[in-house]
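Open the model in your viewer and keep the sequence panel beside it. The tour goes from one selection to the next.

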Amino acid sequence: MTRLLFCGAGKMATAIAAGAIAHHLLSPEEVAAFDPAPQAREAFAQATGCPSVHPQATPELMAWADVLVLAVKPQSAPEAFAALPPPKPGALILSICAGLSLAKLRQWFGDVRMVRVMPNTPLMAGAGASAYALSRPEDEEADAFAARLLGALGKAWRVPEEQLDAVTALSGSGPAYFFAFIEALRQGGETLGLPGELAQELAIQTMAGATAMLQQGKGTPEELRIAVTSKGGTTAAALKVMEDQGFPRMVQDLLRAARDRSQELGR
């Protein structure tokens, strides 16, 4: 039996808990959460069937939990963690707090077993991309638990901690880049005379189809781009605009900005 306690009952915590229960990794009796916001507690309880309580009830729960999942915004971490009683001896701490390094977490919890995770929001649809790092590389039990839990909600990779800020920039923040691109395609389609709803559905399906081709091994991104680009054709004309506008450099710059902010949050 592994009992999970979520510090924070927001959407990501709810998705992880609901996914673990749906995939029979845990039962509702093995999961609980606490959060100061009544709306978050109610939504967590309704989605998971698990108890969700006010932080004042944490002492008993901290002694009960085998795994403490830190699921608060990094800006809220100092206040939230300073008020926590210590976890029970041997408990594992799993943090999904963006940017908070293992060294930073040790300031609150000491030199305990920890896993730092960078998930992303598609986890809520069972299609997450998560990377994680261990505080103790030899901790095979923590490694197996993280891989099993995160793998049930998409795909998961173990990486050295120094790579997690880059992971945050690419896949952690990445869904927002794709959403922004879909928005821009919808708006562009509207300027060309398409109804907004149709433009958006075409953009979503096109992105989904392109992704499916990559996932099915139809070719590398470079190979597939070349295959769809006829010399002197419409796609070539569009790609030239991207090249002239410095699209690859812009992507590098946005990743660097997100990476740098993640590093700042960890200090």
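Start by selecting H24, which counts as exposed because its relative accessibility is 72%; exposed means over 50% relative accessible area, buried under 20%, and partly exposed in between, with a 1.4 Å probe and protein chains only. H24 sits in the loop between α1 and β2 (31–34). Helices (H or I, at least four residues) and strands (E, at least two) are DSSP runs, numbered from the N terminus. The phi of H24 is positive, near 60 degrees, and H24 is not a glycine. Most residues other than glycine have a negative phi.

This is a predicted model, in which local features need pLDDT of at least 70 and side-chain atom pairs pLDDT 80 or more, while totals for chains, interfaces and linings use all residues. Residues are numbered from 1 along each chain as its sequence is written, and side-chain values use heavy atoms, without hydrogens and water.

Next, select L4, F6, V31, F44, L94 and V115. Of the 33 residues in the largest nonpolar core, these touch the most other members. Such a core is a set of buried Ala, Val, Leu, Ile, Met, Phe, Trp, Tyr and Cys residues joined through side-chain atoms within 4.5 Å. Now select helix α1 (residues 11–22), which gives the most to this core, with seven residues.

Keep F44 selected and show what surrounds it. Beyond its neighbours within four places in sequence, F44 has contacts (heavy atoms within 4.5 Å) that include F6, A13, V31 and P51. A separate core has 20 residues, among them C7, V72, L100 and L105.
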